[in-house]
Structure formats: structure tokens, C-alpha cells
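Please open the model in your viewer and keep the selection panel at hand. The tour below goes from one selection to the next.

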Amino acid sequence: MPAEHASRIDPAAQAATLIEHIQTRYHDTHRRALAQLLSLASQAVALGLHVGVVEQLASIGNALEQHMFKEEMRLFPMMEQGGNTLIGRLIEDLHREHGEHLPAVQELQSQLRATDATGAAQPILAQLVRGVDDFARELAEHIRLEDEVLFPLFCHSAAAGARTALIP
């Protein structure tokens, strides 16, 4: 097989390009967005709005930061080196975590939409709602890219919820 053809189908090479995109387009963006959202939430609390919003955002941010750290320090280097026998279990774990992130953000979206604001708090709340909505869309795109494009380069799932296995 010509080297040019082999490089086009090499999972490690494909993964390296995707990983670079994921880190700059999503990981870095999520970190900046969460910091901005926490600032907005703190402003909203100072104006008398839902106190739990800051804690909820911080919890989402902490869970997502731990998840991205696992990807950046463990999974991505493994993929760039071509994978190993443990990659399936790690991908399975990260895929499970993906299933936890969006519901947490959706719960926050619901709570924000149910919050009433008047006066000076109203524009801050509206900005916070838009910011969380944008964050939710970005997170969904990020998760889809990993679950449907990156992870399948190294493993597949026989059925929804089934144990992930290495591609022979």
C-alpha cells in the first residue's frame, strides 16, 4: 500500500488533526465561556437573582474541566500514538461522562428560564440565558464530534450502552 494512501486512513494521523481542532475550537472556548458565565452569574446574584446559579455553573465547569483534563492528558496522547489496549475503556468512560454534561446544562437552562427578573437584573439574566444557550450548543457540537467522529477511529460500540471495544 502506498505511504500516501496509508496516511489517509491512519487513525493516529486523523486523530491528531481532530484533536488540534477540538482543543482550540472547543476546550479553549469552553474554558473562556465558563469564566464569562460565572462572572455574569455573580453579577446576577449581586442583583438578587437565583443564588444557586453560580454553584451550578461552577459544578458544571469543574466536571467539564476534569473531563477535558482526562482527554488532554490521557486520551489524546494515546490516540496520537496510535492507541493501546486500554483506549477502549477510557473512551467508554469519557463517553459516559458526555451523557452527564448536557443534562446538567439543560437543567441550568430550565432554571434560568424559570427565573423572574426585574429592573437592573433583567438584562443580566437575559445575557446569562443567551450565554448558557450558546454554551449548550457548543458543548453539544463538541460531544457529537468526539462521539461520532473521533472515538470511532479507535473503537466501536455494538449497541447503545454496550461496552466499547477496539477495532481489530
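Is arginine 137 buried, partly exposed or exposed? Arginine 137 has a relative accessible area of 48% and is partly exposed, a class that lies between buried (under 20% relative accessible area) and exposed (over 50%), with a 1.4 Å probe and protein chains only. Before going on, note that this is a predicted model, in which local features need pLDDT of at least 70 and side-chain atom pairs count only at pLDDT 80 or more, while totals for chains, interfaces and linings use all residues. Residues are numbered from 1 along each chain as its sequence is written, and side-chain values use heavy atoms, with hydrogens and water left out.

The side chains of arginine 137 and aspartate 134 form a salt bridge at 2.2 Å, N to O, the term standing for a side-chain nitrogen of Lys or Arg within 4 Å of a carboxyl oxygen of Asp or Glu. Both residues belong to helix 5 (residues 121-150), three residues apart, about one turn of the helix; helices here are DSSP runs of H or I with at least four residues, numbered from the N terminus. Aspartate 134 is partly exposed, at 40% relative accessibility.

Next, select helix 4 (residues 87-113), where arginine 96 and glutamate 100 lie four residues apart, about one turn of the helix. Their side chains meet in a salt bridge of 2.8 Å, N to O. Arginine 96 is partly exposed at 42% relative accessibility, and glutamate 100 is partly exposed at 46%.

Now show helix 2 (residues 11-46) with helix 3 (residues 52-80), which pack at an angle of about 165 degrees with their axes 10 Å apart; the axes are lines fitted to C-alpha atoms over the stretch in contact, and angles run from 0 to 180 degrees between N-to-C directions. Helix 2 is therefore roughly antiparallel to helix 3, a label for angles over 145 degrees.

Finally, within this pair, select glutamate 65 and arginine 31, whose side chains meet in a salt bridge of 2.8 Å, N to O. Because glutamate 65 lies in helix 3 and arginine 31 in helix 2, the pair ties together parts that are 34 residues apart in sequence. Glutamate 65 is partly exposed, with a relative accessible area of 33%, and arginine 31 is partly exposed at 27%. The count of salt bridges comes to 11.

Technical notes
Helix = DSSP H or I, 4+ residues; strand = E, 2+ residues; numbered from the N terminus. Parallel < 35°, antiparallel > 145°, perpendicular 65-115°, else oblique.
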